[in-house]
Amino acid sequence: MPKNLTTELRDATYRWIADDPDHATSDELQRILARALGQEPGAAEELADRMAGPLEFGTAGLRGPVRAGPNGMNVAVVTRTTAGVADWLVAHGHAGGVVVVGRDARHGSEAFATAAAEVLTAAGFAVKVLPEPLPTPLLAYSVKHYGAVAGIQITASHNPPADNGYKLYDGTGGQIVPPSDGEIERAIHAVPAAVSVPRQSGAEVVDPRAAYLAEVAALPHGSARDIRIAATALHGVGAETVRAALAAAGFTDVHLVTAQSEPDADFPTVSFPNPEEPGATDLLLALASEVDADLAVALDPDADRCALGVRDRDGGWRMLRGDETGVLLGSHLLSTTDSTDPLVATTIVSSSLLGELAKAAGARYAETLTGFKWLVRAGEGLVFAYEEALGLCVNPGFVRDKDGIAAAVVAAGLAASLKAEGRSPLDVLDEIAVRHGVHLTDQVSLRVTDLAVRGKLMAGLRAQPPSALGGVPVTLEDLLPDADVLRLRGEGLRVVIRPSGTEPKLKAYLQSVQPVAESLDAARETATARLAAVRADISELLS
């Protein structure tokens, strides 16, 4: 037996190949096994990695590289996962119910969506499939619109091109939360080999776009529509839907980044298809400058996230940070809501400024754990929720998840109203800072190759927390057992440290707050200096 290719690994590989209903991936794994048997350098290690699964089913569903083997996204994995989901739904009294299946345009998405729909149809569910690759918010909308017991979206959101994923919504229209993830994972483990799972065609093709667009068109307040918008879909599936949504709301002067408007699973113009990443919005900001736009909008590939770009004081363009956008839209919705008892929500790692805005408006405010699965469950009367990673929910009445399309429409309405008044989004952010203090945020991320490193670092911080950060005394708050999160607080600063739920990273979220006494510029300088000092200390702690 070649070095590193154990009998157990070889036999497990043979079993997986025999049980894989997709000839393309069974052949792919067969070729890697042959290379390993031939002692090709690195082949046994690659085989071990592919067989190291299964992918863990969590509250975000599945996410991983498109490749053969249990530790990847492929038809066999999707087939067994969906069979487990079907068994879980039956166990909870939803046999025969409606399940909606959607997909993005990534590698493998069409085959995975077909497999999911056919497994559910064979299991007796009334399956409805969306007609083509469409934004994730349309799938989330469809769950409530069609009275479904669940919804499945095949997407890897803003992950690298090699990845795909499987996102599950329950009958509330929100993403699943514990203990559902654990129950589903156990159900998946009990499923037989993928080749033995029944599949049946016959799902109904449905198109929710007209109904969704009608609801989105009613979101903007006021009558101002004179605004020019530059937008990009970053090679994802959002271009036509965001254009249609803006047009339905009365915003017709829209310019799309042509090179990024058609879905392309290889994302050729960006190194990482995430609006937060450096360089990802360069083409957008260049277009905004070229057409003399009033607002720039960047969607992530499945269009559930939205980033906004604005003209800066010097005439150039810049993207707003997620917290800036969240505060901007939160303030706008608090001032325009018809609710008599509104609730706004954000997460424990986002800026606390939304809480100050809520207090001033006489509204309720909630902080949840990270993830929209928690935000949409923040409480009754929710009118707005956001997370710093560009997730915005401006329409919880009909989409119980982040919705980049709807956020773009609401942002357009706000920008148009401000333009009519001779003001800009930056003017609003300055006014908020003067009233409630400068709130600056930043993030430090440590990427690891061994996930155990994250646990060791968290344990070390718990055992010996820092007494000061940036020269400011701090106290530690441990959120265990509710969450593996540490929160450090001091005068004018807050740091939240947690392992990422979707990436091999340990993340620290920093906030510096400085009241404005006489000069906004002076307060910003003080807050910026404190944030830089805290960042340096945190970087050293995590190194």
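Two strands are taken to pair if DSSP finds at least two bridges between them. Strands (E, at least two residues) and helices (H or I, at least four) are DSSP runs, numbered from the N terminus. The model described here is predicted, so local features need pLDDT of at least 70 and side-chain atom pairs count only at pLDDT 80 or more, while totals for chains, interfaces and linings use all residues. Residues are numbered from 1 along each chain as its sequence is written, and side-chain values use heavy atoms, with hydrogens and water left out.

Strand S17 (residues 468-469) runs antiparallel to S18 and is joined to it by two bridges, with Ala 468 standing opposite Pro 473 in S18. Two residues lie between the strands of this hairpin, and Gly 470 in the turn has a positive phi of about 60°. On its way through the sheet, S18 also pairs with S19 in the antiparallel sense, over five bridges; there, Arg 489 in S19 is the bridge partner of Thr 475. The loop between strand S18 (472-478) and strand S19 (486-490) holds Pro 481, and the peptide bond from Leu 480 to Pro 481 is cis, with omega near 5°.

These strands belong to an open sheet of six, ordered S16-S21-S20-S19-S18-S17, in which the pairing is antiparallel. At its edges are strand S16 (438-447) and S17, each of which pairs on one side only. Strand S20 (residues 493-499) and strand S21 (residues 505-514) run antiparallel and are joined by seven bridges, and Val 495 stands opposite Leu 510 in S21. Helix H17 (residues 520-542) lies across S16, S17, S20 and S21 and runs at about 20° to S16.

Within it, strand S9 (residues 295-299) pairs with strand S10 (residues 306-311) in the antiparallel sense over four bridges; Ala 296 stands opposite Gly 309 in S10.

Attention now turns to helix packing. Two packed helices are described by the angle between their axes and the distance between the axes. For helix H6 (residues 136-145) and helix H8 (residues 209-217), the axes come within 10 Å and cross at roughly 100°. H6 and H8 are therefore roughly perpendicular to each other, a label given to angles of 65 to 115 degrees, whereas those under 35 count as roughly parallel, those over 145 as roughly antiparallel and the rest as oblique. Pro 137, Leu 138, Tyr 141 and His 145 of H6 make the contact with Arg 209, Ala 211, Tyr 212 and Glu 215 of H8. These residues divide into five nonpolar, one polar and two charged, where Ala, Val, Leu, Ile, Met, Phe, Trp, Tyr, Cys and Pro count as nonpolar, Asp, Glu, Lys and Arg as charged, and the others, Gly among them, as polar.

For helix H11 (residues 322-336) and helix H14 (residues 404-420), the axes come within 11 Å and cross at roughly 70°, which makes H11 roughly perpendicular to H14. Leu 328, Leu 329, His 332 and Leu 333 in H11 meet Ala 407, Val 410, Ala 411 and Leu 414 in H14. The residues of this contact divide into seven nonpolar, one polar and no charged.

A cis peptide bond, with omega of about 5°, joins Pro 178 and Pro 179; Pro 179 is found in the loop between strand S5 (163-170) and helix H7 (180-189). Ser 157, although not a glycine, has a positive phi of about 55°, and is found in the loop between strand S4 (150-154) and S5.

Technical notes: Axes fitted to C-alpha atoms, helices over the stretch in contact; angles between N-to-C directions. Contact = heavy atoms within 4.5 Å.
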